[in-house]
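Hi,

Here is the structure I promised to pass on. Have a look at it first, and my notes on what turned up follow below.

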Amino acid sequence: MESPPPLSAKFSEALGFAFELHQRQTRKGDNNNTPYLSHLLAVTSLVLENRGTEDQAIAALLHDSIEDQGNDYPGGRVQLREDIKLRFGEKVLEIVDACTDDHDFQKASDSHGFEAWERRKKAYLESLQHKQRDALLVSLADKVHNASSTLKDYKTDGEDLWERFNGKREGTLWYYNELAKIFGRLVKSPLSDELVATVNELKRLANPV
């Protein structure tokens with residue numbers, strides 16, 4: 001099988017841009033104030049380790065940029081999308097867009113709690129059926145790292161962990177379970193197997209017999 005080409009200066013530029021966007025952000029609910037960039041680097045590593053292209057790796061670095069930083073970016077989300085397209089190309093923007101929660105759902109979830117969060121997550125789960133494979137790899141890598149981090153933190157924090165999440169205990173476990181089922185069906189790869197195994201272990205610990 002042919003190896004992917006080496007990374008170019010465009011990847012280095014994207015790494016710097018991701019740092020600029022997320023340098024003040026920490027991981028949600030993390031008592032250690034872990035820089036959010038650690039998540040972006042982990043997702044990017046998973047993409048590259050699973051034979052992702054440079055465009056997919058760049059999109060992994062920027063996959064949360066519009067959702068998390070778009071509203072504070074000079075010119076807002078519209079300008080951030082334009083800058084991503086100009087600097088890194090239309091394919092990268094398409095993948096980042098596919099990884100971005102719908103703006104209207106985002107505002108609704110901030111205002112109306114669990115029910116709006118659940119609607120947004122159901123819409124995302126439905127959208128997975130229609131995503132291109134380029135975007136599916138980045139989305140899958142994102143969910144694998146999120147699930148792995150949740151499992152690690154559950155082993156440390158126990159049931160207190162669920163207070164970090166808008167979906168709380170039942171909603172978060174439901175969402176991870178649905179993600180594992182859908183990715184397990186759509187993407188036949190060691191990475192989807194890892195997501196299924198991680199979610200199963202999380203459910204086993206959270207629901208002891």
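The lining of the largest pocket is made up of 17 polar, 16 charged and seven nonpolar residues. Please keep in mind that this is a predicted model. The volume of this largest pocket comes to about 1100 Å³. Its lining counts 40 residues, and Arg-27, Lys-28, Tyr-36, Asn-146 and Phe-165 are the closest to the pocket centre. Both domain 1 (9-101) and domain 2 (109-208) contribute to the lining of the largest pocket, with at least three residues each. Five helices each provide at least two residues of that lining: H2 (37-49), H4 (65-69), H7 (103-128), H8 (133-157) and H9. H8 has the largest share, with 10 residues.

The second largest pocket has a volume of about 190 Å³. Among the residues that line it are Asn-50, Gln-56, Arg-133, Leu-136 and the run from Val-187 through Lys-188, Ser-189 and Pro-190 to Leu-191. H8 and helix H10 (190-206) are the elements that give two or more residues to this lining. Here too the largest share comes from H8, with four residues.

One last item is helix H9, residues 168-186. Its 19 residues should span 27 Å at 1.5 Å a residue, and this agrees with the model because the end C-alpha atoms are 27 Å apart. The buried residues of H9 include Arg-169, Tyr-175, Tyr-176 and Phe-183.

Enjoy exploring it!

Best wishes

Notes:
Residues are numbered from 1 along each chain as its sequence is written. This is a predicted model: local features need pLDDT of at least 70, side-chain atom pairs count only at pLDDT 80 or more; totals for chains, interfaces and linings use all residues. Side-chain values use heavy atoms; hydrogens and water are left out. The expected span of a helix is 1.5 Å times one less than its number of residues. Buried means under 20% relative accessible area, exposed over 50%, partly exposed in between (1.4 Å probe, protein chains only). On a 1 Å grid over the protein atoms alone, a cavity is a set of points where a 1.4 Å probe fits but cannot get out, and a pocket is an open set with protein on both sides within 12 Å along at least five of seven lines; lining residues have an atom within 4 Å of a point. Grid points are joined across faces, edges and corners, and a volume is the space filled by probe spheres set on the points. Ala, Val, Leu, Ile, Met, Phe, Trp, Tyr, Cys and Pro count as nonpolar, Asp, Glu, Lys and Arg as charged, and the others, Gly among them, as polar. Domain bounds come from an automatic or database domain assignment.
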